[in-house]
Amino acid sequence: MATLPPPSQPEPLVAITNCDGYEGQVLALHLAKYLEGCFGLKNQAKSNNEDDKGDKNKPKKPEPQIVCLARDLSKCKHLQDCRHLKLVEISHDNPDSISVALRGLKTVVLVPEMEDNQIDLSDQFVDIMVQEQVIRCILISAIGTDAPEKEHLARYRHIEDKVKNSIQRWTILRQGFLFECLYYWIPMIQDQGILGMPIGPEFEFTPLHIGDLGESLVSVTFPSHHDDGDHSDGDKKSCGKASEDLQAKSKAIKPTDTERFDRQTYTLTGPQRVTGPKLADDLNQVLKAQSEDSNAMPPTSVTFKAITRDECKNYFLSLRERTDLLMNLPLSTAAKDTPGFFASMTRSLSQRRLWDLSGLFKSLDEDAQRLIGEDTEKDCKEPKDPKNLKNTKKLSKDRGPQIEPPNNTEMELLLDLMDYIGEGKASFLSGDMEKITGHQGMGPEKFFEKYGRDFRRRHPKDL
């Protein structure tokens, strides 16, 4: 009796670092959702059916995978059941573990670790990439690299130079202030009705949504996601849309048409300039509109207040003592997104957690649907851990991963960024995101419409 050959192993396609941090997880999920749109379960089964009609012993075609590198796999529960993600544990104390993980790969998405020795860790990673003949690196960087006096922003200049001087083909995606950073201010907003930032009320900046960063990464990693030279939404390609030829889809996702992004630096900004008072006003409007919600207390009016850097730093430090806030911030929606600004923000899928981000977890599915043009929920299983998400349709009771206060490196980076904004250096609209993806991204009104309920006061019974 003939035996079937063993199934082909998944094909490692791209590696992404720091997947035990929030930003690394979000970006990995965006890449995985894109692949799921190209290799949906039904389409793959149909294709294999058709291919196997003449030869039942023919092995199934391997599906591509994103290799997710992490120092602590226990913090990657929201990635473990996604079939296009392969989790690999590494240790910077054991460089061989990194070498083995990168062996045979040609493209790496480098999300720098948010540690005091960030430069050393990044240098080590790039050196191993060279050793393993990785020829392409997509670096997630930050604005403000032109400010050498701001230590934690200037670090990214060093990392950028290291990548440029070491890797044959590179692309740099710089990000600034992400809307998701505002979640650090929830306790201040709810306790005091104040959005206090070390930024003068007249200074403008252009916040970016984490999902738009994810979409930009998809477009750079898999360039056929977007038409070359044409950036209109109507002509935008979407690999997840129905197609008669799965083989054509397979070719579309392979990173072979990446030359147009080679040796390019993109600064990603949101579509609108805002000030601190404008953010507070936008939030107030949303809170007022949502006040008729039976679960909501009358909204607390939020006022912007310019504070000093030291006052803001002390506020961040005080969050570390706010154990009374454990699991007690408002809930709204639940899904699989775990957004954040910094690469770790803050490695906090551990037991000690401060507040809930479930109001943001729905966004990745929605952004992914925009990316690939189909319902993606069925293709990425929910975590089996009952302490985690159970049902994305239960929007008010489920809890997802939570964040802790920023560690010292994250805190200083955010403070440097706000100093940079307060010097009037971050008011530009780059247009780079539209060049890459074909659309401008999410502005402040839309962000607060989707997530404003997370910033409002709730009845004690709902906490």
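Analyst: **Starting from one loop**

Asn 18 lies in the loop between strand E1 (11–16) and helix H1 (22–38); helices here are DSSP runs of H or I with at least four residues, strands are runs of E with at least two, and both are numbered from the N terminus. Bear in mind that this is a predicted model, where local features need pLDDT of at least 70, side-chain atom pairs count only at pLDDT 80 or more, and totals for chains, interfaces and linings use all residues. Numbering starts from 1 along each chain as its sequence is written, and side-chain values use heavy atoms, with hydrogens and water left out.

Back to Asn 18: its phi is near 60°, a positive value in a residue other than glycine. Is Asn 18 buried or exposed? Its relative accessibility is 1%, so Asn 18 counts as buried (buried is under 20% relative accessible area, exposed over 50%, partly exposed in between, with a 1.4 Å probe and protein chains only). Arg 263 also has a positive phi of about 60° without being a glycine. Arg 263 sits in the loop between helix H8 (246–253) and strand E8 (264–267) and is exposed, at a relative accessible area of 51%.

Next, strand E4, which holds Leu 110. Leu 110 is buried at 2% relative accessible area. Setting aside neighbours within four places in sequence, the contacts of Leu 110 include Thr 17, Phe 125, Val 126, Cys 137, Ile 159 and Val 163 (a contact is heavy atoms within 4.5 Å). Leu 110 and Val 163 are 53 residues apart in sequence, with 9.5 Å between their C-alpha atoms.

Lys 106 lies in the loop between helix H3 (95–102) and strand E4 (107–110). Lys 106 is partly exposed, with a relative accessible area of 42%. With neighbours up to four places away ignored, Lys 106 is in contact with Gln 133, Val 134, Ile 135 and Arg 136. From Lys 106 to Cys 137 is 31 residues in sequence and 8.5 Å in space, C-alpha to C-alpha.

Now for a pair of helices. Two packed helices are described by the angle between their axes and the distance between the axes. Helix H4 (residues 118–131) and helix H5 (residues 151–166) have axes that come within 10 Å and cross at roughly 10°. That makes H4 roughly parallel to H5. Axes are lines fitted to C-alpha atoms, for helices over the stretch in contact, and angles run from 0 to 180 degrees between N-to-C directions; under 35 degrees counts as roughly parallel, over 145 as roughly antiparallel, 65 to 115 as roughly perpendicular and the rest as oblique. Among the residues that meet are Ile 119, Val 126 and Val 130 on the H4 side, and Ile 159, Val 163 and Ser 166 on the H5 side.

Ser 301, in the loop between helix H9 (276–289) and strand E9 (303–306), is exposed at 52% relative accessibility. Apart from residues up to four places away in sequence, Ser 301 touches Gly 193 and Asn 284. The C-alpha atoms of Ser 301 and Ile 194 are 8.3 Å apart, across 107 residues of sequence.

On to the aromatics: there are 12 aromatic pairs (rings of Phe, Tyr and Trp, the last by its six-membered ring, with centres within 6.5 Å; planes under 30 degrees apart are stacked, over 60 edge-to-face, the rest tilted). Phe 177 and Phe 205 have ring centres 5.5 Å apart and planes at 75°, so this pair is edge-to-face. Phe 177 lies in the loop between strand E6 (169–175) and helix H6 (186–192) and Phe 205 in the loop between strand E7 (194–197) and helix H7 (210–221), so the pair ties together parts 28 residues apart in sequence. Phe 177 is buried at 3% relative accessibility, and Phe 205 is buried at 1%.

Zooming out, the chain has 14 helices and 11 strands, and 59% of its 463 residues count as buried.
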